[in-house]
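Okay, thanks for coming, everyone. Let me put today's chain up on the screen and then walk you through it.

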Amino acid sequence: PFIENSILHGFNNKKDKGKIIIRFSLDKDLIICEIEDNGVGRQVSAKYKKEQRSYESYATKITQERLERYALPKKNKKLSIIDLKNAYDEALGTKVILHIPYIRA
């Protein structure tokens, strides 16, 4: 859902070319997934959504529900959404970080 959000909302009103970087790494018993884009940012995207029509994003809710339902053990699950900005507080994009626990076989 976060990649879809990058494409539909982050790049929709962007003048230059959009870019998405997806990284996976392991840290002990966690899979770390990072999704970073250079879109217009969440604040600008929210402004456009309000102007166009009423819209409710389900990406965060759906991901939280999936983490609760499927990720074991119950500890160390985490979802972070970071607004990337430059020194002038201008949006540079969005970064989502998922920490997903796993059990080694």
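**The chain at a glance**

So, the accessible surface of the chain is about 7,600 Å², and 52% of that belongs to carbon and sulfur atoms; areas here are Shrake-Rupley with a 1.4 Å probe, and for residues only the protein chains shown count as cover. Before I go on, this is a predicted model, where local features need pLDDT of at least 70 and side-chain atom pairs count only at pLDDT 80 or more, while totals for chains, interfaces and linings use all residues. Residues are numbered from 1 along each chain as its sequence is written, and side-chain values use heavy atoms, with hydrogens and water left out.

Of the 105 residues in the chain, 31% are buried, meaning under 20% relative accessible area, with exposed being over 50% and partly exposed in between (1.4 Å probe, protein chains only). Taking contacts with a separation of 6 or more, 57% are between residues 24 or more positions apart; a contact is heavy atoms within 4.5 Å.

What's the fold made of? We have three helices and four strands, running α-β-β-α-α-β-β from the N terminus. Those are DSSP runs, helices being H or I with at least four residues and strands E with at least two, numbered from the N terminus.

The four strands make an open sheet in the order 1-2-4-3, with antiparallel pairing; two strands pair if DSSP finds at least two bridges between them. Strand 1 and strand 3 (78-85) are the edges, each pairing on one side only. Twist averages 15° from one strand to the next, with axes fitted to C-alpha atoms, for helices over the stretch in contact, and angles from 0 to 180 degrees between N-to-C directions.

Strand 1 (residues 20-27) and strand 2 (residues 30-37) are joined by eight bridges, and Asp 27 sits opposite Leu 30. They form a hairpin with two residues between them, and Lys 28 in the turn has a positive phi of about 55°. Eight bridges also join strand 2 to strand 4 (residues 91-101).

On to the helices. Helix 1 (residues 2-10) lies across strands 1, 2, 3 and 4, at about 160° to strand 1. Helix 3 (residues 59-70) lies across strand 3 and strand 4, at about 150° to strand 3.

Last stop: is His 99 buried or exposed? His 99 counts as buried, because its relative accessibility is 16%. This strand 4 residue is the bridge partner of Ile 32. Leaving out residues up to four places away in sequence, His 99 touches several others, including Leu 67 and Asn 76.
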